[in-house]
Amino acid sequence: VLMYIVDSHCHLYYEPFISDLKKTIDECRSKDIKRLLTISVNYETSLKNIKIASEFEEIFCTIGLHPINVINDEKKLNKILDLYKPHSKIIGVGEAGIDLYRSSENLKDQINCFHQQIQFSIEKKLPLVIHSRDAEKETINVLKKYANKDLNFVLHCFSGSENFAMECLDL
């Protein structure tokens, strides 16, 4: 059985990683971390992650729009999703979701973007990386609409209850 560690959520476009990605990869290798998934939060980071993933065998990426970036970048969501190419190193969508910790002013827009990214994930058969912060009820209400629709997801930012976790597992 081949076994190795995967970092399923990192942001390699941030410092100090981006300055010396080779060093980061070498450190990971020394600790048996063989794969890294660098997560996007907007159009610019989606572009950066695609470039990073293309340069390193160990690195894969997502494309997506983080809920806190919806205010500035909602109009760029289609542009972000248009970056997807089948058989590329883009293996997921996200971070997508709802974040009421920082702002509830644009809840409607966050929910709309969340739906669009979920639909794209289902259509392209890509897993979704969900960011749900202080938004248990809102997140589960959206996810329940996709029960039995072949949506695969990972809850990344999770500030919810055990009950919320169990509801998500049921989906």
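Reply: A polar contact here is a pair of N or O atoms within 3.5 Å, where within protein one must be able to donate a hydrogen and the other to accept it, and residues adjacent in sequence count only if both atoms are side-chain atoms. The model is predicted, so local features need pLDDT of at least 70 and side-chain atom pairs count only at pLDDT 80 or more, while totals for chains, interfaces and linings use all residues. Residues are numbered from 1 along each chain as its sequence is written, and side-chain values use heavy atoms, with hydrogens and water left out.

Me: With which side chain does the side chain of Asn106 make a polar contact?
Reply: Asn106 sits in the loop between β4 and α5 (107–124), where helices (H or I, at least four residues) and strands (E, at least two) are DSSP runs numbered from the N terminus. Leaving aside residues up to four places away in sequence, Asn106 touches Pro67, Val70 and Ile71, contact meaning heavy atoms within 4.5 Å. The polar contact of its side chain, at 2.9 Å, is with the side chain of Gln110.

Me: Is Asn106 buried or exposed?
Reply: The scale calls a residue buried under 20% relative accessible area, exposed over 50% and partly exposed in between, using a 1.4 Å probe and protein chains only. Because its relative accessibility is 7%, Asn106 counts as buried.

Me: Which strands stand at the edges of the open sheet of six strands?
Reply: The sheet has the order β1-β2-β3-β4-β5-β6 with parallel pairing, two strands being paired if DSSP finds at least two bridges between them. Each edge strand has a single partner, so one side of each is left without a neighbour in the sheet, and these strands are β1 (5–10) and β6 (153–158).

Me: At about what angle does α2 run to β3?
Reply: Axes are lines fitted to C-alpha atoms, for helices over the stretch in contact, and angles run from 0 to 180 degrees between N-to-C directions. Helix α2 packs on the sheet, where it touches β2, β3 (59–63) and β4 (90–99), and its direction makes with that of β3 an angle of about 160 degrees.

Me: How many salt bridges does the count come to?
Reply: A salt bridge is a side-chain nitrogen of Lys or Arg within 4 Å of a carboxyl oxygen of Asp or Glu. One of them joins Glu55 and Lys51, N to O at 2.5 Å, and both residues lie in helix α2 (residues 43–55), four residues apart, about one turn of the helix. Lys22, Asp26, Arg29 and Glu58 are linked in a network of salt bridges. By this rule, the count comes to 10.

Me: Which residue forms a salt bridge with Arg102?
Reply: Arg102 counts as partly exposed because its relative accessibility is 49%. The closest N and O atoms are 3.2 Å apart in the salt bridge of Arg102 with Asp99.

Me: How many residues apart are Glu167 and Lys144?
Reply: These two form a salt bridge whose closest N and O atoms are 3.3 Å apart. The pair links distant parts of the chain, Glu167 in helix α7 (residues 162–170) and Lys144 in helix α6 (residues 136–144), and the separation is 23 residues.
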